[in-house]
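Subject: Structure handover

Hello,

Here is the structure I said I would pass on. Please have it open while you read the notes below.

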Amino acid sequence: MNVPGTFTLGPGDGNARTGCLTTAHGDVETPIFMPVGTQGTVKSLCPTDLHDLKAQIILGNTYHLYLRPGDELVAKLGGLHRFMGWDGPILTDSGGFQVFSLSGLRQIAEEGVTFSSHIDGSRHLFSPEKVIAIQQNLGSDIMMVLDECVPYGADRAYTEKSLALTTRWARRCRQAHPGGHRGQLLFGIVQGGFFKDLRAESAAQLLEIGFDGYALGGLSVGESREEMYDILGDATPLLPADRPRYLMGVGAPRDLLAGMAAGIDMFDCVLPTRNARNGTLFTFQGKVNIKRAEYREDDTPLDPTCPCYACQTFSKAYLRHLYVARELLSYRLNTLHNLTFFSIMMERARQAIRDGRFAAFRAEMEAVYPTDEE
Ligand SMILES: Nc1cc(N)c2c(=O)[nH][nH]c(=O)c2c1
Ligand SMILES: [Zn+2]
């Protein structure tokens, strides 16, 4: 068996590539989409559901698990895998992003970021050393460094100052986790906002420190799709070809296709699970807004080509009824379906890359998920 961190590249097609990343809890085929399991659960699903839809790796949020139930409790109870009953790979983010997006009264300093819990207002410090210790307690297979996700629209001076701090934090994370600790991998995060030279500077600095994989952060933060793709196309080739490349917080089907075309290997986004809960369902015939009246008497399955329990068992009329009635089963069936769609789409993408027909696959998918659609 390969050691954790082994990343073997398979066939490619243009910049798109297939690969296999070995982690302490199993291998992950890439390109891969990671369902988000914020508080130690992919909302409304059991781990068995995740295995059924062929999820290979899930994401946990350090910020949330630190605040509740607490990383030390999770460690005492055997770690996040045992706590949540998921035996596959887990990636945890560092918590920095949630601090900036969820908590109040944030103060950034050399030591780290101080913040107030969104739960009870208590004050906390996330330093590079602290977020590494938390993720070690959780026992995730892939840990992320503490970074500042620069807000969209930040000027060059702010971005440059933030980037320098993020690099110093990354170095401290690497020092706190030099590698080998229970096979837990550590990824660096490239920042630099929408300044291509700063992105290049960030990537070069992280490569000098050395990480098991490299993420592009600071995207999907309110920019236009054109701006995202411009940075994506310019920054991705700066990341080492022989290490996993992770685009954080992305994304919609069209953005996954663009990311894969640029050479990205890993993605995560709340879109499929969050949209499931608001009735927006993804199919290979396009998006379906299940609450629409047109489905009230529709006795056909959501997507006849989909193998998921929702599509194999129920009609659109029933899925609409559950959603309108705010039944809990609506969240579960819609989430099962959306994550099955993302899982199948990524498997088809991997096969298209292997077969050298990724461009045709992308065009086929963009016909139902156009780039200009919100
Ligand atoms: N869109 C984004 C989503 C994310 N979860 C993150 C993150 O966790 N860290 N840093 C980031 O820049 C970032 C961007
Ligand atoms: Zn389905």
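A backbone N or O atom of methionine 248 lies 3.4 Å from a nitrogen atom of ligand 1, which counts as a polar contact (a pair of N or O atoms within 3.5 Å). Taken alone, ligand 1 exposes 320 Å², and the protein buries 95% of that (areas by the Shrake-Rupley method with a 1.4 Å probe).

This is a predicted model, in which local features need pLDDT of at least 70 and side-chain atom pairs pLDDT 80 or more, while totals for chains, interfaces and linings use all residues. Residues are numbered from 1 along each chain as written, chains are lettered from A and ligands numbered from 1 in written order, and side-chain values use heavy atoms, without hydrogens and water.

Two further contacts involve ligand 1. A polar side-chain atom of aspartate 147 lies 2.7 Å from a nitrogen atom of the ligand, and a polar backbone atom of leucine 219 is 2.7 Å from a nitrogen atom of ligand 1. The residues around ligand 1 (a heavy atom within 4 Å) include Asp93, Phe97, Cys149 and Gln191. This shell divides into four nonpolar, five polar and two charged residues, with Gly counted as polar.

The zinc ion, ligand 2, has as protein donors (N, O or S atoms within 2.8 Å of the metal; 3.2 Å for Na, K and Ca) Cys306, Cys308 and Cys311 through SG and His337 through ND1, at 2.1 to 2.3 Å. Along the chain their spacing is C-x1-C-x2-C-x25-H. The arrangement is tetrahedral because the four donor atoms subtend angles of 97 to 120° (all angles must lie between 85 and 135 degrees).

Regards

Terms used: Polar contact = N/O pair within 3.5 Å; in protein donor to acceptor, adjacent residues only side chain to side chain. Tetrahedral: all angles 85-135°; square planar, octahedral: opposite > 155°, others 65-115°.
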